[in-house]
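Here's a quick tour of a protein model for you. Have a look at the structure first, then we'll walk through a few spots together.

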Amino acid sequence: MSACKDKSKNYAENDVIFKDLDTTIKPGDDFFRYANGGWLKKNPIPPSYAAWGIGNVVEEELRDRLKKINEDALTANAEKGSNTQKIGDFYFSGLDTVDIEKEGLDPLKEELAKIEAVKTVSGLIDEFAHLQTIGVQTPIEAGVGQDAKNSDKNMLLQLLQRPSPIK
């Protein structure tokens, strides 16, 4: 409490939340606009998005950082076998559209054949499980998460996934 008495310090100047207040609005009239109005003014929804929030800002920033890491690795002329060299090679493999077009669906033939072979519900569940092990999102997923009734425990979660909207 003694910190509150020190009037020589401006605690708000380094407070991210305080910077986003819209002090032209009375908190009692519209608390949402008071608390978020500054951020909303500085971060309008881009035309290509239906909604925009801090999560989008963080996602965009992370995407930009990862792109820079990949591009730097691509041009680094790194030592063979180093992580930088592997990152650069992996990034290039996605940019090599000539080879990608040449190979077509050939790299996926084995996986597509497994999917085509599914004839029963049990086989479908097995295939979903296999696809998850190779990083493919399926309509049914399982994972571990916090128990909604007891936050001290984790539990097995089964999630039914809705298709993601195309961006």
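Let's start with phenylalanine 18, which sits in helix α1, covering residues 16-19. Keep in mind that what you're looking at is a predicted model. From that phenylalanine we'll move to a glutamine, then to a pair of helices, and finally to the whole chain.

**Phenylalanine 18**
- Is phenylalanine 18 buried, exposed or partly exposed? Its relative accessible area is 43%, so phenylalanine 18 counts as partly exposed.
- Now find asparagine 36, which is 18 residues away from phenylalanine 18 in the sequence. In space, the two sit 9.6 Å apart, going from C-alpha to C-alpha.

**Glutamine 85**
- Glutamine 85 belongs to helix α4, which spans residues 83-95.
- This one counts as buried, because the relative accessibility of glutamine 85 is 14%, and the cut-off for buried is under 20%.
- Which side chain does the side chain of glutamine 85 make a polar contact with? It's the one of aspartate 89, at 2.2 Å.
- Leaving aside residues up to four places away in sequence, glutamine 85 touches Ala78, Glu79 and Lys80.

**Helices α6 and α7**
- Helix α6 takes up residues 109-116, and helix α7 takes up residues 121-133. They pack with their axes 10 Å apart, at an angle of about 155°.
- That angle makes α6 roughly antiparallel to α7, because the label goes to angles over 145 degrees.
- Who makes the contact? On the α6 side, look for Glu111, Lys114 and Ile115. On the α7 side, the residues are Glu127, His130 and Leu131.
- Sorted by class, the contact of α6 with α7 has 3 charged residues, 2 nonpolar ones and 1 polar one.

**The whole protein**
- How many helices and strands are there in the protein? You can count 7 helices and 2 strands.
- Starting at the N terminus, the elements go α-α-α-α-α-α-α-β-β.
- The protein has 167 residues, and 13% of them count as buried.
- Take the contacts with a separation of 6 or more: residues 24 or more positions apart account for 3% of these.

Key. Residues numbered from 1 in each chain as written. Predicted model: local features only at pLDDT ≥ 70, side-chain atom pairs only at ≥ 80, totals over all residues. Heavy atoms only, no water. Axes fitted to C-alpha atoms, helices over the stretch in contact; angles between N-to-C directions. Helix = DSSP H or I, 4+ residues; strand = E, 2+ residues; numbered from the N terminus. Parallel < 35°, antiparallel > 145°, perpendicular 65-115°, else oblique. Contact = heavy atoms within 4.5 Å. Nonpolar A, V, L, I, M, F, W, Y, C, P; charged D, E, K, R; others polar. Buried < 20%, exposed > 50% of the residue type's maximum accessible area, 1.4 Å probe, protein only. Polar contact = N/O pair within 3.5 Å; in protein donor to acceptor, adjacent residues only side chain to side chain.
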